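Please take a moment to look over the sequence and the structure before reading on. The paragraphs below are meant to be read slowly, with the picture beside them.

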Amino acid sequence: MPPQNSASRRIKNISISKPIIYGNVAEKISESNPLPEGAPADHSHTWKVFVADPLGNDLSSYIRKVVFKLHETYNNPTRSIEEPPFEVTETGWGEFEIAIKIYFNNDCGEKNITLYHHLKLHPYGPQLEESQRTGKVESILFDEIVFNEPTERMFKLLTSKPGSLLPYKSETSKFTKEAERQELDRIEKAFDEIKKQIDEKSVEFKELEEQRQRLAT
Amino acid sequence: MASDILDVFNIKEETRVQPKKHARSENDFGTSGKKKKHALSRELYNLIGTNLPPVAVEKGFKFKDKINSGKASPWVWAPFKNGARSDELELHHWVKGPITETEEEKPYAFEKYNTSLDIPHFSEEEYTNTLKDLSEDWDYEETKYLFDLARDFDLRWAVIYDRYEFSNDKQRTLEDLKERLYKVSAKVLNSNPDGTRDVGLIKSLEAFDKNQEIERKQYLNRLIHRAPTEIAEEESLVIEARKFELAAKKMLMERAQLLQLLDSPQSSASIEQYNSSQGLTQLYNSLMTVDKSKKRKPEVPVPPQLGPNAIPHTQQIQQAQQNQLMRQRQGRKMSSVSQKMFGGKQEISQQQAQSEVWQLLQSKLTEEEMEVYGLRFHDEKLQPGVFIRSQKLSTFKPAVQAKVVETLNELGISVKPTLPTAKVCGKFDQLLQGIATLIDLKKQTDKVSGEVALIKSQKGIE
């Protein structure tokens, strides 16, 4: 079979999703975390932005490279990482939005996709207290890359290794089955609330509408 | 030569076929005179070719009328009597002669235009007997005067009103005169001794309403005396009113749609309600109306395309079996695909991995196994390509979106799910749609309640 075919032919009616995590960790400059050599003196944090598998599996089976677009004031702001781990370590003092472009294997016939991540250096909300103790801040997001009707080549790459299942419980990661369950419950509850409101409103609406028609005639 | 000119005018040969035939057939029936015509205008014929001239010239080749073609007709100075005159006056006029005996006897041609209106007559006796009770205000003399005037001026009301001078102490308006004349006429006609009555005429006479007539004239008066600014204002008001009408129509339509939407079942409700054929039909209808932008439909059985109304219970089971079969077939297709893909490869390690996949696909995959690979089968058509799951959540018009976000905040739900898996996103999308429906519903409810209040205040209730 010529490679052209398996790279362009798509398998109908299936989709494959791959979970990823992306985001940044940051740490304040301190005695235990000194400013690296050559970094400007006004930089207050070291940080690392990354794209990874939630279970630490290898992403390079289907991801060719990841390009991080940093703030223009950095030297060489477009960082192209072609080998795992897909991450950029830098120092800085300010937060900004990082565009993360993920390129898939050349042969797979898929376009690249772009994620946006707001680099987080300063803690707020529930993280605040813990961060003040450790000096560490993190902003890690979970998402799924969905391949609708993947090409045969891509299908092969994606199914060559199992293991994108979320762990039921984990000490290290907050992205677990349990968390998913909780989130589903939360949404379900909210949805029930909305449904209740819709029902109430529709009763009210219908009554008003009837009243209006009665009055109009 | 003709063809040259035709070329200049860009006329095609085919278009001339029809007139050509026509011309020929005409020639076949043609008289010698017509042939002569062609002979005479041969040069012209060459110029125009077989086309008929655009204007049909019947007398064609001679454009001047013949002068002195016949004898001059005699005109005679003849006397005549006008039958419309009462005084036997004899006048003369020129008539195209010669005059025969019978012609002289003929009545004057314009006599017939001297018509008079058939206004009912009544005597003083009749008046006192039948008409006196009609009105206290009128007496016989004045009524008679009115009728005479009406007869004299052929019911030209403006003139009658102008000439009406019966007494100085009673000022009659035009409407008074009309009312009097019509009423008396109706009465007279009604009591016609012949017994023949024109019911239609009497009815129309009796239908006269003085007050309405006065009102009508007032309206007309006001209409004609409008100032230009008033006219402009009126026009703008009409336009405004039309706008209101359109808006109202649109709103009513939106409301009807919403009502329909509310009557259809919520797609989020438990699947049990769809287990009856009726439920399935309802579901089908509601799915048809669900926003097309919604990416993922809930995992519920979808009835087949044919006959959404006719799915008996037994068929439903069959259908479920069919669905299963279809899935199996898909699975088999998949496996054959992977077979093709992996066939002919030599490396052992790869073959192991492949056979694993192959086997997984061949056996019926459990849900969990599918999840390991993130694999999903879809019944609906997918848009091929890659995307980020959380970026495909429903979005709305900016105004609605802002309210959706607000509602999410009130509910304590973040704007984007923290774990956007397929399940979570599906649920989240439902939530978003629900919120959008609620917002729409609130808007419409506010509108209706406003309207109800308006109608109430207009009708003076409350």
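What follows leads from the confidence of the model, through each chain, to the place where the chains touch.

This is a predicted model, in which local features need pLDDT of at least 70 and side-chain atom pairs count only at pLDDT 80 or more, while totals for chains, interfaces and linings use all residues. Residues are numbered from 1 along each chain as its sequence is written, and chains are lettered from A and ligands numbered from 1 in the order in which they are written. The pLDDT is the predictor's confidence in each residue, from 0 to 100; for chain A its mean is 81, with 90% of the residues reaching 70 or more. Within chain A, confidence is lowest in helix 1 (residues 3–8), at a mean of 58, and highest in strand 6 (residues 97–104), at 91. Where pLDDT is low, the predicted coordinates should not be read in detail.

Helices (H or I, at least four residues) and strands (E, at least two) are DSSP runs, numbered from the N terminus, and two strands are said to pair if DSSP finds at least two bridges between them. In chain A, four strands form an open sheet in the order 4-3-6-7, with antiparallel pairing. Strand 4 (78–81) and strand 7 (113–118) of chain A stand at the edges with a single partner strand each, so one side of each is left without a neighbour in the sheet. Strand 3 (residues 63–69) and strand 4 of chain A are joined in the antiparallel sense by four bridges, and Phe68(A) has Arg79(A) as its bridge partner in strand 4 of chain A.

Helix 4 (residues 177–216) of chain A has 40 residues and reaches 56 Å from its first C-alpha to its last, close to the 58 Å expected at 1.5 Å a residue, where the expected span is 1.5 Å times one less than the number of residues. UniProt, in an unreviewed entry, places a "coiled-coil region" at residues 177–211 of chain A, and such annotations, given in the numbering used here with feature names shortened, may be inferred rather than shown by experiment. In the model that span is 100% helix and 0% strand.

Chain B has 18 helices and four strands. A residue is buried if 20 or more other C-beta atoms, placed from the backbone, lie within 10 Å of its own, exposed if 12 or fewer, and partly exposed in between; of the 462 residues of chain B, 13% count as buried. Strand 1 (residues 75–81) of chain B has seven residues, and the count of buried ones is zero. This strand pairs with strand 2 (residues 90–96) of chain B in the antiparallel sense over seven bridges, and Trp77(B) has Trp94(B) as its bridge partner there.

Where do the two chains meet? Two residues are in contact if their C-beta atoms, placed from the backbone, lie within 7 Å, and the contact takes 56 residues from chain A and 56 residues from chain B. The largest share of the side of chain A that touches chain B, 24 residues, comes from helix 4 of chain A. The buried residues of this helix, among them Ile187(A), Phe191(A) and Phe205(A), pack against helix 12 (228–263), helix 17 (398–411) and helix 18 (422–459) of chain B.

Strands also cross from chain to chain, for four bridges join strand 8 of chain A to strand 4 (residues 385–388) of chain B, and the two run antiparallel. Val146(A) stands opposite Phe387(B) in strand 4 of chain B, and Val146(A) is also the bridge partner of Ser17(A).
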